[in-house]
Amino acid sequence: MKILVAVKRVADANVKVRAKADGSAADLANVKMAINPFCEIAVEEAVRLKEKGVATEVVVVSMGDKACQEQIRTALALGADRGIHVETDVDLQPLAIAKMLKAIVDKESSELIILGKQSIDGDNNQTGQMLAALAGIPQGTFASEVVIEDGKAAVTREIDGGLQTISLSLPAVVTTDLRLNEPRYASLPNIMKAKRKPLDVVSPADLGVDPAPGVTTLKVEAPAERQAGIIVESVEELVDKLKNEAKVI
Ligand code: AMP
């Protein structure tokens, strides 16, 4: 079984990103970049399926400017076999990404496509669902367990207040939730080996997709700074302040 994993390059989850002074976008100059955490979980799951002998090949794809190759190489160091970089400087949005993934799925005959449930920069939570719809195949979103058996994928999903297990015929799309697994760290020898693994570069035109965005960002702003708190001396003082200053009771 061939698995395709989509990985996005995003600002590292530990970095506090600021908005640009003109409010047009997040300021990513000199910011440490990384694989989107949910995509790291997707890579780990695919590699584990290969290690169990369920998958024969793990192909990782990332879309965006040349710098995305850094995240593809990281995924290769984590155990993926081969990379595809869809190179473009266009501001990519979920619909265009889903269309390009569909073209790659068709070409690669991928039987399982694993994506993150959402990218931590745009918080879209759209690409996996759009891909499943465009490809006309089933989807298991927010997966906390994936078992491949008898040509089907049993996916346990994190839903409000519990878990739901569904069975998907293959090919299918799975999107990862946080509890699916704990990604490994890449070892130095594997980082070295990853440099020699194949990485194809294609353009959106090669995939027959016009990536022009349909959504324009009007404004980006940082959340309001939290006001400093105060320490009260007694319950009476607290009640008084809540009543007369904050006016919440
Ligand atoms: P989103 O719909 O933007 O929240 O992203 C959900 C998932 O789609 C991500 O976790 C990735 O697996 C995939 N994805 C989004 N953007 C890209 C990209 N530029 N390149 C590759 N995969 C992507």
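This section describes the ligand site and a nonpolar surface patch in a predicted model.

Local features were considered at pLDDT of at least 70 and side-chain atom pairs at pLDDT 80 or more, whereas totals for chains, interfaces and linings use all residues. Residues are numbered from 1 along each chain as its sequence is written, and side-chain values use heavy atoms, with hydrogens and water left out.

Polar contacts are pairs of N or O atoms within 3.5 Å. A polar backbone atom of Q126 is 2.9 Å from an oxygen atom of the ligand, and a polar side-chain atom of N36 lies 3.2 Å from a ligand oxygen atom. A backbone N or O atom of V7 lies 3.4 Å from a nitrogen atom of the ligand. The protein covers 98% of the 480 Å² of accessible area that the ligand has on its own (Shrake-Rupley method, 1.4 Å probe).

Elsewhere, V235, V239, V248 and I249 make a nonpolar surface patch of about 380 Å²; patches of this kind join nonpolar side chains within 5 Å, from residues with over 30% relative accessible area and no salt bridge (a side-chain nitrogen of Lys or Arg within 4 Å of a carboxyl oxygen of Asp or Glu). I249 is found in the segment after α6 (235-244). Its relative accessibility is 57%, so I249 counts as exposed (over 50% relative accessible area).

Methods: A polar contact is a pair of N or O atoms within 3.5 Å; within protein, one must be able to donate a hydrogen and the other to accept it, and residues adjacent in sequence count only if both atoms are side-chain atoms. Patches are made of residues with over 30% relative accessible area and no salt bridge: like charges are joined within 9 Å, nonpolar side chains (Val, Leu, Ile, Met, Phe, Trp, Tyr) within 5 Å. Helices (H or I, at least four residues) and strands (E, at least two) are DSSP runs, numbered from the N terminus. Buried means under 20% relative accessible area, exposed over 50%, partly exposed in between (1.4 Å probe, protein chains only).
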